[in-house]
Number of protein chains: 2
Amino acid sequence: MKISEVGEFGLIEIIKNMANRKLSGGIGDDCAVIDMGKEEELLVTTDTLVEGVHFLKNTDAFNLGRKSLAVSISDIAAMAALPKWAFLSISLSDMKLEYVKAFMKGFYFLADEFGIDLLGGDTTKSSVFSITVTLIGVNEKGKSVKRSGAKVKDSVYVTGKIGCSYAGLEAIRKNIDGYEECKERHNNPYPRLKESFSVKNYASAMIDVSDGLLQDCLHICECSGVAIEIDFDKIPFCDADFVDKENMISGGEDYELVFCAPVKYDGVLNSIDNVTKIGEVKEGFGVSVIKNSKQLNIKRLGFKHF
Amino acid sequence: MKISEVGEFGLIEIIKNMANRKLSGGIGDDCAVIDMGKEEELLVTTDTLVEGVHFLKNTDAFNLGRKSLAVSISDIAAMAALPKWAFLSISLSDMKLEYVKAFMKGFYFLADEFGIDLLGGDTTKSSVFSITVTLIGVNEKGKSVKRSGAKVKDSVYVTGKIGCSYAGLEAIRKNIDGYEECKERHNNPYPRLKESFSVKNYASAMIDVSDGLLQDCLHICECSGVAIEIDFDKIPFCDADFVDKENMISGGEDYELVFCAPVKYDGVLNSIDNVTKIGEVKEGFGVSVIKNSKQLNIKRLGFKHF
């Protein structure tokens with residue numbers, strides 16, 4: 001059997017189930033949570049970006065360096081923790097030193113902005129350029145927001161806009177002029193750490209939108225044992241007019257946050273900038289999208305590797 | 001300028017020097033050390049293995065899984081800390097699921113033996129199979145042994161034998177029958193965590209032998225600002241007779257430990273199994289090897305990526 005027959009999430013499930021020991025943390029959230037005693041917990045996330053899969057050959061080096069850290073910060077933000085220490089492993093061919101320097105400038109640029117220290121890593125030779133970032137964050141014990149806490153009747157919220165990164169990627173791919181903001185959103189996603197801290201005391205479950213809005217809502221459903229119903233017309237879509245909105249909800253790399261919260265917090269959450277209520281947690285399982293009082297027929301939830 | 005013109009260590013130096021902020025830890029040891037308050041410190045190491053560079057295509061999957069964790073445990077052992085939590089990122093083509101399962105069996109086998117929990121990671125598609133392991137360990141505050149503590153007149157010790165992995169690799173490459181122990185040492189390096197804990201209260205500086213005995217001694221010299229003089233005839237070489245001993249001291253992947261310790265501990269250290277005194281720390285800089293009262297002319301210190 002090939003990996004593609006079980007899929008990316010199937011593969012992860014198989015790897016999890018092969019463990020012989022009871023794990024002290026657990027695989028499945030945006031970050032692993034490690035209990036560090038009375039006061040603190042550590043959050044750890046690892047992300048790999050591969051040339052030709054996650055980014056095109058000749059992608060601007062500064063942007064790529066910035067983005068490779070941004071996606072990890074987004075994972076820490078998804079659990080409402082503070083990113084602190086980064087580890088960078090780069091596999092590369094004998095490329096130009098100037099490219100690597102520009103890449104590192106982008107990486108350090110965002111690291112400085114978020115107060116993150118690069119503490120180590122590895123450099124290896126490879127015919128395919130790839131980048132693995134491990135980022136460690138900290139949180140007050142018990143304060144990390146997991147995917148598993150959503151309760152029936154909770155409201156479902158999203159930060160920012162959905163589909164800008166997908167539209168940006170389409171505009172780049174098809175050489176469409178304009179749509180600079182979308183292109184920028186694709187090339188330079190900005191982690192929603194500030195928003196995360198604004199909502200952390202209200203959120204029952206949270207995840208970042210990396211695979212696609214629907215796919216990531218489904219992750220919350222799976223971990224919380226609930227269903228999520230999204231009101232299509234309430235989704236704060238990107239303005240780009242050349243992309244079908246139904247593709248935007250399954251296009252990945254928004255790096256916005258989706259979170260659930262008890263209805264009693266609707267007032268305070270609706271008053272926060274850049275936060276929009278898009279649906280409700282229901283009994284059952286899975287994600288449904290309602291448009292004009294009818295359930296939308298969803299063809300594709302989000303991006304899959306295999 | 002190409003990366004090969006500055007070399008692997010030159011590249012790391014450039015990356016370090018580009019940081020705009022004073023780092024709370026530091027790049028340069030086997031692991032980064034993160035201060036976690038009064039009692040504990042965290043040790044973090046990241047290693048990437050790439051097909052065609054670190055291992056051959058069709059390498060036995062179980063062995064590869066085991067080895068990819070072993071090299072990281074060895075880094076934690078080099079600082080005399082306890083390995084605890086692992087993160088595994090694998091980039092792979094659409095290969096057979098059975099191969100990945102066998103790989104994971106090997107990984108979990110060693111994880112179980114050392115009490116390590118796999119807490120997370122990433123799976124991505126790539127045309128080149130590569131593995132990045134991030135391993136986090138813990139230590140009592142201030143007890144991690146660094147590369148930087150060697151003092152003039154300290155004794156220099158090594159654990160186990162030197163050159164077995166190199167001999168094993170040569171035997172595999174050249175299809176030489178026999179030498180099973182060497183081949184096993186190459187395929188299944190066993191991290192010297194037990195030895196590390198036996199010597200941790202005496203060692204002033206320590207490193208694991210991954211790049212090659214001389215290269216790794218040079219890392220201690222660089223970090224401690226000292227010279228190391230090795231007595232060639234005292235090195236506990238591998239018995240394999242078809243490999244030149246002078247190649248063994250620059251052949252990598254022994255995953256033994258080299259450490260320095262004050263002379264007053266010679267008695268206790270010489271009584272520990274599998275620990276051999278091979279030289280002395282001197283004033284000055286660099287590594288020299290004395291054979292028959294003459295300084296050996298060293299052509300190659302160890303393995304370099306670029």
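Domain bounds, as used here, come from an automatic or database domain assignment, and for chain A that assignment gives domain 1 (31-140) and domain 2 (147-295). The centres of domain 1 and domain 2 of chain A, taken over C-alpha atoms, are separated by 23 Å. This is a predicted model, in which local features need pLDDT of at least 70 and side-chain atom pairs count only at pLDDT 80 or more, while totals for chains, interfaces and linings use all residues. Residues are numbered from 1 along each chain as its sequence is written, and chains are lettered from A and ligands numbered from 1 in the order in which they are written.

**Contacts between domains and chains**

- Within chain A, 13 residues of domain 1 are in contact with 17 residues of domain 2, where contact means that the C-beta atoms of two residues, placed from the backbone, lie within 7 Å.
- The side of domain 1 of chain A that touches domain 2 of chain A has eight nonpolar, two polar and three charged residues, with Ala, Val, Leu, Ile, Met, Phe, Trp, Tyr, Cys and Pro counted as nonpolar, Asp, Glu, Lys and Arg as charged, and the others, Gly among them, as polar.
- Between the chains, 58 residues of chain A are in contact with 58 residues of chain B, and β4(A) gives the most to the side of chain A that touches chain B, with nine residues.
- By class, that side of chain A has 28 nonpolar, 18 polar and twelve charged residues.

**The seven-stranded sheet of chain A**

- An open sheet with mixed pairing has the order β7-β9-β6-β10-β8-β11-β12 in chain A; strands (E, at least two residues) and helices (H or I, at least four) are DSSP runs numbered from the N terminus, and two strands pair if DSSP finds at least two bridges between them.
- Because β7 (205-208) and β12 (294-295) of chain A stand at the edges with a single partner strand each, one side of each is left without a neighbour in the sheet.
- β7(A) runs antiparallel to β9 (residues 257-261) of chain A and is joined to β9(A) by four bridges, with L257(A) in β9(A) as the bridge partner of D208(A).

- Strand β3 (residues 82-92) of chain B pairs with β4(B) in the parallel sense over eight bridges, and the bridge partner of L92(B) in β4(B) is K125(B).
- Seven of the nine residues of β4 (residues 117-125) of chain B are buried, that is, 20 or more other C-beta atoms lie within 10 Å of their own, with C-beta atoms placed from the backbone.

How values were computed: Buried ≥ 20, exposed ≤ 12 C-beta atoms within 10 Å, placed from the backbone.
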